[in-house]
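Here is a short briefing on one protein chain. Look at the structure first, then work through the points by topic.

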Amino acid sequence: MAAEKLRDLSQPIDVALLDATVAAFYGTGSKEERTAADHILRDLQNNPDMWLQVVHILSNTQNLNTKFYALQVLEGVVKYRWNALPVEQRDGMKNYISEVIVKLSSDEISFRRERLYVNKLNIILVQILKHEWPARWQRFIPDLVAAAKTSETICENCMAILKLLSEEVFDFSRGEMTQQKIKELKQSLNSEFQLIHELCLYVLSVSQRAELIRATLATLHAFLSWIPLGYIFESPLLETLLKFFPVPAYRNLTLQCLSEVAALSFGDFYNMQYIKMYNIFMVQLQTILPPSTNFPEAYANGNSEEQAFIQNLALFFTSFYKAHIRILESTPENINALLMGLEYLINISYVDDNEVFKVCLDYWNSLVLELFEAHHNLDIPASTVNMMGLQMPMLAGMVDGPGSQLLQRRKLYADPMSKLRLLMICRMAKPEEVLIVEDENGNIVRETMKDNDVLVQYKVMKETLIYLAHLDHDDTEKQMLTKLSKQLNGEDWTWNNLNTLCWAIGSISGSMVEEQENRFLVMVIRDLLNLCEITKGKDNKAVIASNIMYVVGQYPRFLRAHWKFLKTVVNKLFEFMHETHPGVQDMACDTFLKIVQKCKRKFVLVQVGENEPFVSELLTTLPATIADLEPHQIHSFYESVGHMIQAESDPHKRDEYLQRLMALPNQKWAEIIGQARQSVDFLKDQEVIRAVLNILQTNTSAASSLGTYFLPQISLIFLDMLNVYRMYSELISTSIAQGGPFASRTSIVKLLRSVKRETLKLIETFLDKAEDQPHIGKQFVPPMMDPVLGDYARNLPDARESEVLSLFATIINKYKGTMIEDVPRIFEAVFQCTLEMITKNFEDYPEHRLKFFSLLRAIATHCFPALIQLSSEQLKLVMDSIVWAFRHTERNIAETGLNLLLEMLKNFQASEFCNQFYKTYFLTIEQEIFAVITDTFHKPGFKLHVLVLQHLFCLVESGLLTEPLWDVAAVPYPYPNNAMFVREYTIKLLSSSFPNMTATEVTQFVNELFESRADLSAFKNHIRDFLVQSKEFSAQDNKDLYAEEAAAQRERERQRMLSIPGLIAPNEIQDEMVDS
């Protein structure tokens, strides 16, 4: 192929041939031609000398794709190798790029024609600037501004370059540049901003060219968030912007600039300018868009410019109010302008567009929180303050103190807040528990996928509505009940209206005081049950049913206090369990479980007016209740009844209830086992296998809620179950041995394996939930050794169940040190054979991998002495498998491996084998951890990588390692101590891995690590900076490196939410049953 000539870079490249190769790559030729072209172009791109040909290529080609290819080569050099190039090469490149940009943008025709190419050149110029400016290219900004004044098209392109530069330094710099470099660039931009400022004002006052004015406004928009404030308020900039605002062509860009200004806040110095700006803005806005406009309609019928205007308007108001709402509360005129703006924002909030609504909602949430916190912190007793009418015995000091200002302020916002409550009720998002939705064709169906956006929105809306409820409970209750009565009399009845209303009612659970909640709910539940009776139509009934279930599930406190309602509700749920409309039965079972978990004691006591506890009555009618449910729903039902039985304190009654609950599955089980005793083949029938599976699943569900109290039931079936397990296992092995690997995919083998898995899951669930009683362990573990462990070892790899590993991990975590004698048996059965399965590659047997490492971790944590008994070959296998685990790109496997490694390091450090262990593994571990921390596939493990390195460095400095870590035979001169050796070793290791870093940079980094080893956050920051410098982590999403800090923030937020009634719904709080 002729293109092979291109590989020779000793003479200028043949541009025509390169054009043809690039064309072949993008072309429609054969697959072979494309692949060949791709290989050549990739090899050229990876050739370190290729960039020297870039100027030659750009000067001689007309093909845009070839130009882009050359620029791609250049961009790689600028990003990663720029500082290593000789000065004359850097300057030559810099000047060439600048000249091409000026040449192409100096006249209108070439500038429009070559627009894409110029944009790419601009990006490369900014990448060069990040290295060169300010130190090695001091005249950059003055030269740029001077060039801009020579022609309007050059000026337009200069604006684009300045905008890119601002974004690179201020918006996208984290993780791209070191903290020091970012600071230096920000200072340079600030100090040279005056020239840019003058240029922008000059353009806006003289130019008549629409494109140039738009480019200048866009650049200003990028700069406004960080420039010194004097440039905005002590120059004609604001007036100029307000002049452009009414002009349709510039309306949106100007509004974006004004929003940036509105978002700034630095003390009270410019308050008067802000008030003036707001008032002028409001006057102009009323002519553009009168307040009486119907916003949802205007938005739905508007073109994209008009829609963008309404979006930008929402951003302007929310930015302005977040920073400056207080200064508008000062005088009556300003208050009127403020109330009018809030009215605009509430109307915009009704627009049917998710992005617009998110912007508004975010602000409403913060405003309501601010009003609520002021009220919450003063802690005025709720009963003395009634928000609308100020009937209150004036407490001393509240007449003129902060209390009276607060009441003034609440009074000022009373009207907008009331409108806001209605907005929240009308637009409430769907909570997670609701499974019944309207699809796009207007049919009521079961939800198939959770929409995370909606769930996030629900959380914010719920929080906002709870603050609103705390500010005025009576108004909240009044609005909800009025809206509900309109549903009943039919004037406002639609599915959506009823849904949002009920979701809103459910979301404020826990925010009212008990007697108000009782009064409110009695009315709500009564109305909803009536609505269910009077409404005809299957779909309508399904919607109402889903809403009744949602609301009652949210108010456990009310149900605990009112047995009559609780009983009615549960019987209603039983009714819904026969309703075949999709989703209704699922929701009924979910709600039943939710209610039982919170009210279980109520069902085992004899209530007033009843002859027996509800649970007994329920067990009598159980077969009829579950007759129409699917298997998975029946399992959920059994779990719920398990919770009730678990609440019974009398052991005789409890055992009797359990026996009655399990009567149906036990009867079926006894039949199957009886038949099997006559003829084993009976168990091979597919229907029978399915029945066995179903019985085991029912047992698992009951075990999950009954815990220890499930003992009599599991003892009854345990040995028969192990026999079935052994028999099915042999069947699977014969099928796979005869039918080869494909047999493992046949439906019969899959079904048999499901039974094995469910058996293991049942035992694991029971042992996990049972209280920590060693005799239970002694009763159940020995009989399993051969049928389960022996079977695992005997099986073919494809027939081994990973659940065996997790079952034994659970057992060791549960019974801890008492299992020490059994560890060698466990090891012998699972260790070697599992390792052989998972070390062939990174893909096969993913389940076994994860569970294997979890088992090892349980052993390392609770039975460490058993690991010391291993031979050195076996220990080496363990250590190799750990390295294997944390190299894994599958996040949870890597994390389990790292956690296991940390356990091993700590335990060995404290044992008498400390020197021996670390002499063998210290350097390997260090090297492997540096390998994963510096490649980009393992970012999520960052926190644990740092902990391992910190452990190693602290250990080597502590002097605990008394034997040399280096190979005494191979190293001619002895080091004074291990710490010195590890420093040198680390510097060598990193220098050879990152040839693009200087020796001083690497040495400084290693010394910083050793110095900061005791301070985790400094240690972590040094590593983050190193990752940026080594350029391994640039231009990607680096949030995983900061994950830990984010988690601490979430925990603080949870503590705050717990302090405000209702923010965490009553059914989410783990209250020990307060219903006795």
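This is a predicted model: local features need pLDDT of at least 70, side-chain atom pairs count only at pLDDT 80 or more; totals for chains, interfaces and linings use all residues.

Residues are numbered from 1 along each chain as its sequence is written, and side-chain values use heavy atoms, with hydrogens and water left out.

**The whole chain**

- The protein has 49 helices and two strands. Both are DSSP runs, numbered from the N terminus: helices are H or I with at least four residues, strands are E with at least two.
- Along the principal axes, the C-alpha atoms fill a box of roughly 100 × 90 × 65 Å.
- Of the 1076 residues, 53% count as buried. Buried means under 20% relative accessible area, exposed means over 50%, and partly exposed is in between (1.4 Å probe, protein chains only).
- Take the contacts between residues at least 6 apart in sequence: 74% of them join residues at least 24 apart. Contact means heavy atoms within 4.5 Å.

**Helix pairs: how to read them**

- Two packed helices are described by the angle between their axes and the distance between the axes.
- Axes are lines fitted to C-alpha atoms, for helices over the stretch in contact, and angles run from 0 to 180 degrees between N-to-C directions.
- Angles under 35 degrees count as roughly parallel, over 145 as roughly antiparallel, 65 to 115 as roughly perpendicular, and the rest as oblique.
- A crossing is left-handed if the near helix is turned anticlockwise from the far one by less than a right angle, and right-handed if clockwise.
- For residue classes, Ala, Val, Leu, Ile, Met, Phe, Trp, Tyr, Cys and Pro count as nonpolar, Asp, Glu, Lys and Arg as charged, and the others, Gly among them, as polar.

**α18 and α19**

- Helix α18 (residues 304-324) and helix α19 (residues 332-349) have axes that come within 10 Å and cross at roughly 135°. That angle makes α18 oblique to α19.
- The crossing of α18 past α19 is left-handed.
- On the α18 side, the contact uses I310, L313, A314, F317, T318 and Y321; on the α19 side, L338, G341, L342, Y344, L345 and I348.
- This contact of α18 with α19 has ten nonpolar, two polar and no charged residues.

**α23 and α24**

- Helix α23 (residues 473-488) packs with helix α24 (residues 495-507) at about 150°, with the axes 10 Å apart. The two are therefore roughly antiparallel.
- α23 and α24 make a left-handed crossing.
- M480, K483, L484 and Q487 of α23 meet N497, L498, L501, A504 and I505 of α24.
- By class, this contact of α23 with α24 has six nonpolar, two polar and one charged residues.

**α25 and α28**

- The axes of helix α25 (residues 514-534) and helix α28 (residues 563-576) come within 12 Å and cross at roughly 30°. So α25 and α28 are roughly parallel to each other.
- α25 passes α28 in a left-handed crossing.
- V522, I525, L529, C532 and E533 in α25 meet F565, T568 and K572 in α28.
- The residues of this contact of α25 with α28 divide into five nonpolar, one polar and two charged.

- Q607 sits in the loop between α29 (584-604) and α30 (614-625). Q607 counts as buried because its relative accessibility is 15%.
- E370 is in helix α20 (residues 354-378). At 30% relative accessibility, E370 counts as partly exposed. E370 and Y467 are 97 residues apart in sequence and 9.4 Å apart in space, C-alpha to C-alpha.
- E432 lies in the loop between α21 (402-426) and β1 (436-438). E432 counts as partly exposed, at 44% relative accessibility. From E432 to K450 is 18 residues in sequence and 7.6 Å in space, C-alpha to C-alpha.
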